[in-house]
Amino acid sequence: MVHRITESAGADSKTRYDENERVRKLDCNESIPGAPAAGKDCEEYPFCSSAEGVARYLYEGTGDEFKDDFSVRYIDSAENQEAGRRLVSL
């Protein structure tokens with residue numbers, strides 16, 4: 001189960017959302033060789049709008065308990081962005 005966080009829920013939630021995004025970008029650049037092909041986005045799961053996102057290890061557990069407890073993959077940009085819009089609208 002994932003627990004939603006939103007940028008608009010306050011400073012703590014915004015900071016965690018931003019950290020999830022920052023760590024995701026670092027991992028996408030380091031773990032997946034090359035830049036994404038045209039029409040592709042680097043997407044993560046659990047997604048950045050969840051407490052279980054890629055930066056979870058900075059907020060929960062001890063040490064690196066949750067470090068690298070996520071996956072990233074290049075996916076179709078249009079599908080990814082539509083899914084993001086739907087998540088935000090919930």
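This passage describes selected local features of a predicted model. Residues are numbered from 1 along each chain as its sequence is written, and local features need pLDDT of at least 70, side-chain atom pairs count only at pLDDT 80 or more, and totals for chains, interfaces and linings use all residues. Side-chain values use heavy atoms, with hydrogens and water left out.

Helices (H or I, at least four residues) and strands (E, at least two) are DSSP runs, numbered from the N terminus. The loop between strand 1 (40–45) and strand 2 (71–76) contains proline 46, which is joined to tyrosine 45 by a cis peptide bond with omega at about -5°. Aspartate 68 is found in the loop between strand 1 and strand 2 as well, and its phi is near 65°, a positive value in a residue other than glycine. With a relative accessibility of 56%, aspartate 68 counts as exposed (over 50%, where buried means under 20% and partly exposed lies in between, with a 1.4 Å probe and protein chains only).

Within strand 1, glutamate 43 is partly exposed, its relative accessible area being 22%. The C-alpha atoms of glutamate 43 and serine 71 are separated by 8.3 Å, although the two residues are 28 residues apart along the chain. When neighbours within four places in sequence are left aside, glutamate 43 is in contact (heavy atoms within 4.5 Å) with Ser71, Val72, Arg73, Ile75 and Asn80.

Helix 2 (residues 77–89) comprises 13 residues and reaches 18 Å from its first C-alpha to its last, close to the 18 Å expected at 1.5 Å a residue (1.5 Å times one less than its number of residues). At the start of helix 2, the backbone nitrogen of alanine 78 has a side-chain oxygen of aspartate 76 within 3.2 Å.

Conventions
A polar contact is a pair of N or O atoms within 3.5 Å; within protein, one must be able to donate a hydrogen and the other to accept it, and residues adjacent in sequence count only if both atoms are side-chain atoms.
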